[in-house]
Amino acid sequence: MSATPVQPPRAPVGTLLIFALGGLPTSALGAAMAIAVQPHMARDLGVSLTTVAAAFSIVRLLDLWVDPVMALVMDRTRTPLGRYRAWLVGGAPILMLGVYQLFMAKKGIGLPFLIVWLFVYALGSSITVLSRQAWSATLVTRYGQRSLFYGLMASLGVIGTLVALATPVVLAKLGHGQSGASDVPTMGWIILGMIPVCVLLVSLLVPERVAIDAPTERVGLRDYWQIVKRPELLRLFVSSFSLTLGPGWMSNLYLFFFIAARGFTNAQAYLLLLVYVVSGVIGAPLIGWAGARFSKHRTMIAATIGYSIGLCTVLLPPRGDVIATLPLMMWCGFMATGFELTTSAMMADLGDQVRLEQGKERMALLFATTGLSAKLASAGAVAMSYWLLSKIGFVATTGAHNSPAVLSAFNVVFLSGPIFFVTLGGLCFLGWKLDAGRHALIRAQLEARDAMLDNPALGELSPLN
């Protein structure tokens, strides 16, 4: 079938804004779980670091195949609510149950409690995040606008992150939560209120376009194998793994590092983290614009190198010097905000190519592969970083004393993982071929074929091989 010069329609800005705002709860959850919940369990609830690491690692292993299995069903789903919208609505109650149990946990919890409720949380999170990712890729189909859209989502997602991270600062100003013990339940209640509101807004106000499948031969294992072995998908898998593990490593150790090793108070550490996150409000749209202007893969390489260079300077300011540390946190936060948005935009482009070749929607399946890599990386980040802390003899309990030698080793542990993995994640895109020109040809063929499927009178289609 020859391509016709048909441009994909531009999605309305208001629709994109509403959809982007729908990601506030998951953004808040991502920050709260990585930065606050895990240290809270070890520091305030008395759960050992090895137990926390074991629970998160076990759940990740149990949860590894949830995304691929759900994706196979999602891509074939047809309901009156749509395809991915139905899954978003169904996943919200599961996510809320997991959030409640984890954020409101009391002292005395152990490994069985953590495994059960971390799995419930992971299941609900997987359903809501995967359905949003796949839906977002079908909502915006132009190469440049897609990059800008993911920049918008990342920028607005910062608001959700700020809601979580501002909680300890606000509580400290009010004279509460000086040890951080009351921060996590407060975060939990805020997030529990955000989830149903945001899901309802997106479900009611954002349309979902469900593409008609092209006439093809019956789908078999060969079709899925053709997807799995694609060099582009393998690159995105490794990059997503690396770009999740690096920042996740840093997030898991963040409070320990800035309070115990760098001499900041709990409130100051959160303030610096807020600066890091707020930088994404500016960084995300600018990186999205750069991806549209200079290509996504080149922008990704530049962002990862810039992040690694910035992280190398974090030990230069004097201990406890907030003013001197602020610019470094702003720089790293600016660069880091481009990782997920650029990877997601590139995966969406690959999804268009796969649908053109196979005639079937595979967007959820493709995003499930990066979801799988992110889960592996999250488990690895907790297990590796916490294991190294135990090996160097670091004590995480509030008020514990760690020797200068231990803190010096902690500095090496904190910096080495993020720098190595983030740099690796960027280098995965050297020689990337799916640029704006190639994607424009793919979309022209897809739009022409979709037009004929919607209106058979426009022409005849032969089955795709």
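**Close-up views of a cavity and a pocket**

**View 1. Lining of the second largest cavity.** Ala-137, Thr-138, Thr-141, Arg-146, Arg-209, Ala-211, Asp-352, Arg-355, Glu-361, Met-363 and Arg-443 line the second largest cavity. The model is predicted: local features need pLDDT of at least 70, side-chain atom pairs count only at pLDDT 80 or more, and totals for chains, interfaces and linings use all residues. Numbering runs from 1 along each chain as its sequence is written, and side-chain values use heavy atoms, without hydrogens and water. On a 1 Å grid over the protein atoms alone, a cavity is a set of points where a 1.4 Å probe fits but cannot get out; lining residues have an atom within 4 Å of a point.

**View 2. Space and make-up of this cavity.** The second largest cavity holds about 100 Å³. A volume is the space filled by probe spheres set on the points, joined across faces, edges and corners. Six charged, three nonpolar and two polar residues form the lining. Helices are DSSP runs (H or I, at least four residues), numbered from the N terminus. The whole structure has four cavities of 30 Å³ or more.

**View 3. The largest pocket.** A pocket is an open set with protein on both sides within 12 Å along at least five of seven lines. The largest pocket has a volume of about 340 Å³. Of its 15 lining residues, Trp-65, Pro-68, Val-228, Leu-365 and Thr-369 lie nearest the centre.

**View 4. Helices around the largest pocket.** H9 gives the largest share of the lining, five residues. By class, the lining has 14 nonpolar, one polar and no charged residues.

Terms used: Ala, Val, Leu, Ile, Met, Phe, Trp, Tyr, Cys and Pro count as nonpolar, Asp, Glu, Lys and Arg as charged, and the others, Gly among them, as polar. Helices (H or I, at least four residues) and strands (E, at least two) are DSSP runs, numbered from the N terminus.
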